[in-house]
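Trainee: I am new to this structure and would like to go through it slowly. Could we begin with the terms and then turn to the residues?

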Amino acid sequence: MTGQPKLATGARRFLLARLVANGLAQVALAVSIAVLINRALGRLATPEQPAISGGVIAALAAAGVGATALRALQRRDSEALGYDYIRDLRLVVFRHLCRLSTTPGQFRIGTTMTRFTTDLSSIKNWVSQGIASVLVAVAALAAGGFTLTFLDWRFGVATLVPLLLCCLVAAASSVPFSNAEREVRRLRGKLSNRIGDGLLVLSTIHHLGLV
């Protein structure tokens, strides 16, 4: 099948940009919360200092509400990105099916059912939960690493080195996972073929009184 829709086109570009901005905003709020908590604990640790001011408490509450709102907006944009992409992909698959020959042996109803149900749902989750989360995480990690390096380069190194090691391990383990995923899809398509063929001949079996 050709003509797979591109991800960064049309309205999806705006959603992708907003997801990146969301990751940066989450880091900014996290840094603000850390600064406010540090100031509040510093006041509590110093007896001669007055109690925590109402402004600090209000700022912490506002930052918490803002962080919750950003996470909710991230989930909304992620789902919107996945549904928008899968809508275009569904149209491409349907046009491809309309051009297929219905000669027996070339058109398998079970595989078609699988593509329109489980596979499309998996692709939607891959876009909304995978790509969208990666965009937010990369933006957040980049901003957080820059902030820690600006504060103290040792903080930045201590944070980025373990992350790089985890990325290398994930890249190395992706090959066997990809092979296993392809094998699962092959077996699932084979099972769907058998179920679909059974459903097609079920009425004939009942009509002839056979088991």
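Mentor: Let us start with burial: a residue is called buried under 20% relative accessible area, exposed over 50%, and partly exposed in between, with a 1.4 Å probe and protein chains only. The model is predicted, so local features need pLDDT of at least 70 and side-chain atom pairs count only at pLDDT 80 or more, while totals for chains, interfaces and linings use all residues. Residues are numbered from 1 along each chain as its sequence is written, and side-chain values use heavy atoms, with hydrogens and water left out.

Trainee: Is Ser-128 buried or exposed?

Mentor: Ser-128 is found in helix H3, which covers residues 109-151; helices here are DSSP runs of H or I with at least four residues, strands are runs of E with at least two, and both are numbered from the N terminus. Leaving out residues up to four places away in sequence, Ser-128 touches Ser-78, Glu-79, Gly-82 and Ser-133, where contact means heavy atoms within 4.5 Å. Because its relative accessibility is 2%, Ser-128 counts as buried.

Trainee: Which elements does the protein chain contain, and in what order do they run?

Mentor: The protein chain holds 4 helices and 0 strands. Read from the N terminus on, the order of its elements is α-α-α-α.

Trainee: Which backbone oxygen does the side chain of Asn-22 reach?

Mentor: Asn-22 lies in helix H1 and is buried, because its relative accessible area is 2%. Apart from residues up to four places away in sequence, Asn-22 touches Leu-70, Leu-73 and Gln-74. At 3.0 Å, the side chain of Asn-22 reaches the backbone oxygen of Leu-70.

Trainee: How far is Gln-4 from Arg-90 in space, C-alpha to C-alpha?

Mentor: Gln-4 has its place in the segment before helix H1 (11-45), and with a relative accessible area of 56% Gln-4 is exposed. Residues up to four places away in sequence not being counted, Gln-4 touches Tyr-85 and Leu-89. Gln-4 and Arg-90 are 86 residues apart in sequence, whereas in space their C-alpha atoms are apart by 9.9 Å.

Trainee: What percentage of the contacts with a separation of 6 or more comes from residues 24 or more positions apart?

Mentor: The protein chain has 211 residues, of which 22% count as buried. Among its contacts with a separation of 6 or more, the share from residues 24 or more positions apart is 77%.

Definitions and conventions: A polar contact is a pair of N or O atoms within 3.5 Å; within protein, one must be able to donate a hydrogen and the other to accept it, and residues adjacent in sequence count only if both atoms are side-chain atoms.
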